[in-house]
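Biologist: I would like to go through the terms used for this structure and hear what each one rests on. Please put it on the screen.

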Amino acid sequence: MMLIHVPKPRKINHSEIAAKLNINPNSFYVLKSRLYDKIQKYLSADTFVTQENIIKQLLQVHEVCFNSPREIAIAFLQKLETELLRFDMHNELQIIYSALKKMHLYSEKYFHYSQLFNKHVALGLSLEKAEEILGNFNRLLGQYNFSRSQQGLDTLYFINREIINLYALNPSRQIEIIKNIIELQLILFCYGNKSNEHNTEELLQNTRKLFEELPETSPQKKWEIVLDYLYFEYYQSNFQNKTALQYYERTNEKLSFFLLYNNICLSSKFF
């Protein structure tokens, strides 16, 4: 039996490709960029329709990195990076940057992706810390609601400063939402802390905008019921009963599970 030797395909450089296509270098790079975008879209099509799709794409990272040409794998990872950055999905971004830094081990980009990996590790931990701060704030706010002690109020202000400092170090939409919820509750539920009404309404509106920017699959998206409740408390405290009624009805519709949000706000006060 005669063995036929098949020569290994020769790698063609960019100049040769441009010459074969009979186009100038500028046209070649435009074509290359568009092709790259199409590859990215194809590899991550419909990634963010559901949470399940996101998980499936992330589970494919290892396989794509070790079973695809390097250029295709990097295109796949960078497309996922772009989408995850839109939604501040820090824990998921750690997976992407971990893969990207390994794929650029022998490149000057290794340090860049290592820094991004470290940044999103810090942001992921900061979000967990922010939720812990919010939970502690609401537990102590419940105690203060009965005692009205100066010591309790001072502790709440201290926690407020803690979340402000955390947000300054690691800004993200989720942490800003937590910061705003704490500040709004200080304004609404702590006597002697009546801020300018315009600023309070502006803070409510800014928080609504942050919620609208979150994807439907974000866990914090479900917290919007808390903002409806805080709107109700704000308008009721200003004797705008007609407007307050709208937010009362929104909150009351979800009363069967609203009390489960006691780590997000002082939900028991609704009664």
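Biologist: Why is Asp 228 counted as buried?

Modeller: This is a predicted model, so every value here is computed from predicted positions. Asp 228 has a relative accessibility of 7%. Buried means under 20%, so Asp 228 counts as buried.

Biologist: What makes Asp 228 and Arg 208 a salt bridge?

Modeller: The closest N and O atoms of Arg 208 and Asp 228 are 2.8 Å apart. The cut-off is 4 Å, so the pair is called a salt bridge. Arg 208 is in helix H10 and Asp 228 in helix H11, 20 residues apart, and the pair links these distant parts of the chain.

Biologist: Is Arg 208 buried or exposed?

Modeller: Arg 208 counts as buried, with 13% relative accessibility.

Biologist: Which residues are joined with Arg 208 into one network?

Modeller: Glu 224, Asp 228 and Arg 250 are joined with Arg 208, through salt bridges that share partners. In the bridge between Arg 208 and Glu 224, the closest N and O atoms are 2.9 Å apart. Arg 208 lies in helix H10 and Glu 224 in helix H11, so this pair ties together parts 16 residues apart in sequence.

Biologist: How many salt bridges are there by this rule?

Modeller: The count comes to five. One of them is formed by the side chains of Arg 173 and Glu 213, at 3.7 Å from N to O. Arg 173 belongs to helix H9 and Glu 213 to helix H10, so the pair ties together parts that are 40 residues apart in sequence.

Biologist: Why is Glu 213 called partly exposed?

Modeller: Glu 213 has 35% relative accessibility. Arg 173, at a relative accessible area of 16%, is buried.

Biologist: Which residues touch the most other members of the largest nonpolar core?

Modeller: Trp 223 and Leu 230 do, in a core of 46 residues. Helix H9 gives the largest share, ten residues. Leaving aside neighbours within four places in sequence, the contacts of Trp 223 include Leu 134, Ile 177, Phe 211 and Tyr 261.

Biologist: How many residues are in the other core that lies apart from it?

Modeller: That core has 21 residues, among them Ala 73, Phe 87, Met 89 and Met 103. In soluble globular proteins, nonpolar side chains tend to be buried together.

Notes: Residues numbered from 1 in each chain as written. Predicted model: local features only at pLDDT ≥ 70, side-chain atom pairs only at ≥ 80, totals over all residues. Heavy atoms only, no water. Core = buried A, V, L, I, M, F, W, Y, C linked by side-chain atoms within 4.5 Å. Buried < 20%, exposed > 50% of the residue type's maximum accessible area, 1.4 Å probe, protein only. Helix = DSSP H or I, 4+ residues; strand = E, 2+ residues; numbered from the N terminus. Contact = heavy atoms within 4.5 Å.
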